[in-house]
Amino acid sequence: MDFLSANQLLVKWLVSLAIPTIVYFMLPIDGKTMTHEMGMFLAITIFMVVIWAFGLVNEIATGIVLPVLYVALCHVPAKVIYAGWLSDVPNTVIGGFILCKILQTTGLGKRIGLGCMYAMKGSFVGVIWGLATAIYIVSPFIPSANGKSLIFCAIVISLCEALDIKKKSTEATALMMAAFLAVTSSKLCYLTGGGDLVIGMNLVNGVTGGTVTWFEYALWNLVPATVYTIMSVGIVVFLLPSKMDKEALKQVLVSRYNELGVMSKQEKIATAFFIFTLILLVTDKFHGLAPGMSLCLVACISFLPKIELMDADKIKTVNFGPLFFIMGCMAIGGAGNYLKVTQWMADGTFGYFHGLGDFGAGLAAYVVGVVGNFILTPLAATASFSAPLAELGLNIGVEPRIVYFSFVYGFDNIIFPYETAPLLLFYGFGYIHFAKMVKVLAVRILLVMPFLLLVAIPWWKFIF
C-alpha cells in the first residue's frame, strides 16, 4: 500500500511538472506579443493550480511562495506583487475570521440555524428553507464561504445523526446540498460575503477608476442574488423530495432546540454586536470606513471589558493561515496585469464578445466562469480575469460591472467537488450521493442562463 501511495505521489508530481513545462514550450514566445516573463508567469500559475488540484502542498505554503516566484523568475517588482496587502482585503479577511469564531464560540450560529429550522414547523421542506434562511442571515458577517460551511455543515450532520438519516440518502444529500448552495449563493448578496468578491471589486475598481461602498454593492446585488439563492435551494427541494415523517422530524428539532436553553448573556451581547456590525457596514458611505476596516474595528471592540466576546485564549484558536493563500492569489492578478498577460488573454479569448451587447456579453462571461472552474481556483480566476473582463466591457461599450458580475455567477456554478473548497468540505463528510449532487448542480448551471437574461442583467441595467 505504501509502495502504491508513493507511486501515485510520484505520478502526481510528474504531471504537475509536465503540464506547465508543455504549456511554456507551446506558447508563441516571440519577445514582443509574448515575452519570456509572460511565459514563465503562465507556467508558474498553472503549476500552482495543478498542485492545488492534487493537494500536493499545503495551500498556505503555495500562497506564500507564489509571489516570491513571480519576483524571482518573472522579474515583477515586489511593490507590485505585494500591493494587495495595502488594500482592504486583509482587513476583511482578518475581521471576518474573528467574527466567524465569535459565532462559533458563543453558540449564536447554532442557535440561528436551529431556530430558523424550528420555526418552519417541522416539515422536511421547511427544514431546508429554515436552514437556508439561517445561512442568509449570517452571510454578510462572514467573508469566508469555508467559515460558513464549517458552521452549518456541523448543524446538518448533527441533525442527520439525530434523525438517523443514512449517509448518501436523498434526505442527507438534500440537506447538505441545500446548505452548500445557500452558503455559496447568498454570499453574492454582499461585498463581505466572500474574500474573492472583495478582490474582484478591487480589481474592477482599478479599471473603472471608481470606488464601491458596501451599501452600493448590496444595492446592485442584493435583489438578484436573493432570487438566485431561492432558485438554487428550490432546485434541491424539487429534485430531491423526501417522504420523511413530519412529526418525527419535528420532535427531534424541538429536542435539539430545547437543548440550547435560554439565550446566554454572551449570546445576547453577540446579537447586539452583530446588529451593530450590520449598521456599520450599511452606513459606510457616511462614515467613510471601508468594509474591512469596519470588520476590524468591531473585532477589536469584541475584546473590550463587559463585552468580552474575544480574549487572548480565543484569538489563538482563530486560523489566520488562509490569509496568506488569499493574498498569494491576489498576486496572480497583480503580476498578470504588470506583465500584460491578462491583456494578452483578453485579446485572444474575449475577441468573440464584440457586438454581443449587454445580454450577449453577460452570457459569454458566465460561460467563461463556468468553464474556468475546471482549471482554476476561485481566487485564482478572480485575480486573473476580473480586470480583463472589466476592460473588455469598456472596450466594447458594455457596462463593465455587468460583464464582471455575470462572470462571478459563472464561477459560482460548479459540478465536481474539486472545483471549490466549500463543496469539498460538504462532500468530504460522506453524506452526499454523487449522482444526485451532479444532477442538482447541472440543472442549476442551465437555469442560471435564463436567470441572468430575465432577472440579473435587467436589474443591473436598471440600477446602473
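Biologist: What do the side chains of Lys461 and Asp358 meet in?

Modeller: A salt bridge, 2.7 Å from N to O. The term needs a side-chain nitrogen of Lys or Arg within 4 Å of a carboxyl oxygen of Asp or Glu.

Biologist: What kind of model is this?

Modeller: This is a predicted model, so local features need pLDDT of at least 70 and side-chain atom pairs count only at pLDDT 80 or more, while totals for chains, interfaces and linings use all residues. Residues are numbered from 1 along each chain as its sequence is written, and side-chain values use heavy atoms, with hydrogens and water left out.

Biologist: Back to the pair. Which helices do Lys461 and Asp358 lie in?

Modeller: Lys461 is in helix 23 and Asp358 in helix 19 (residues 357–372), so the bridge ties together parts 103 residues apart in sequence. Helices here are DSSP runs of H or I with at least four residues, strands are E runs of at least two, and both are numbered from the N terminus.

Biologist: Is Asp358 buried or exposed?

Modeller: Asp358 counts as buried because its relative accessibility is 19%. Lys461, at 40%, counts as partly exposed. Buried is under 20% relative accessible area, exposed is over 50%, and partly exposed is in between (1.4 Å probe, protein chains only).

Biologist: How many salt bridges does a search of the whole structure find?

Modeller: Four. Another one joins Arg111 and Glu267, with the closest N and O atoms 2.7 Å apart. Arg111 sits in helix 6 (residues 108–118) and Glu267 in helix 13 (residues 265–282), so this pair links parts 156 residues apart in sequence.

Biologist: And how accessible is Arg111?

Modeller: Arg111 is buried, at 9% relative accessibility. Glu267 is buried too, at 5%.

Biologist: What about Glu399 and Arg401, what do their side chains form?

Modeller: A salt bridge, 2.7 Å from N to O. Glu399 is partly exposed at 21%. Arg401 is partly exposed, also at 21%.

Biologist: New topic, the core. How many residues are in the largest nonpolar core?

Modeller: It has 111 residues. A nonpolar core is a set of buried Ala, Val, Leu, Ile, Met, Phe, Trp, Tyr and Cys residues joined through side-chain atoms within 4.5 Å. Residues with the most contacts inside it include Ile102, Phe274, Leu441 and Leu452. Helix 9 (residues 170–186) gives the largest share, 11 residues.

Biologist: What does Ile102 contact?

Modeller: Ala270, Phe273, Phe274, Ser302, Leu309 and Met310, leaving aside neighbours within four places in sequence. Contact means heavy atoms within 4.5 Å.

Biologist: Where is Val408?

Modeller: In helix 21 (residues 400–412). Val408 is buried, at 11% relative accessible area. Beyond residues up to four places away in sequence, Val408 touches Leu188 and Leu197. Val408 and Ala381 are 27 residues apart in sequence and 9.6 Å apart in space, C-alpha to C-alpha.

Biologist: Where does helix 23 bend?

Modeller: Helix 23 (residues 434–463) bends by about 55° at Leu452. That is the angle between axes fitted to the seven residues ending there and the seven starting there. Buried residues of helix 23 include Met437, Leu441, Ile445, Leu452 and Trp460.

Biologist: Now the surface. Which residues make the nonpolar patch?

Modeller: Ile64, Val65, Val68, Tyr82, Trp85 and Phe324, covering about 500 Å². Patches take residues with over 30% relative accessible area and no salt bridge, joining like charges within 9 Å and nonpolar side chains (Val, Leu, Ile, Met, Phe, Trp, Tyr) within 5 Å. Accessible areas come from the Shrake-Rupley method with a 1.4 Å probe, and for residues only the protein chains shown count as cover.

Biologist: Which helix gives the most to the patch?

Modeller: Helix 3 (residues 59–74), with three residues. Ile64 lies in helix 3 and counts as partly exposed at 46%.

Biologist: Last one, backbone. What is phi of His75?

Modeller: Near 60°, a positive value in a residue other than glycine. Most residues other than glycine have a negative phi. His75 is in the loop between helix 3 and helix 4 (78–81), and is exposed at 53%. Lys168 has a positive phi of about 70° and is not a glycine either. Lys168 is in the loop between helix 8 (145–162) and helix 9, and is partly exposed at 41%.
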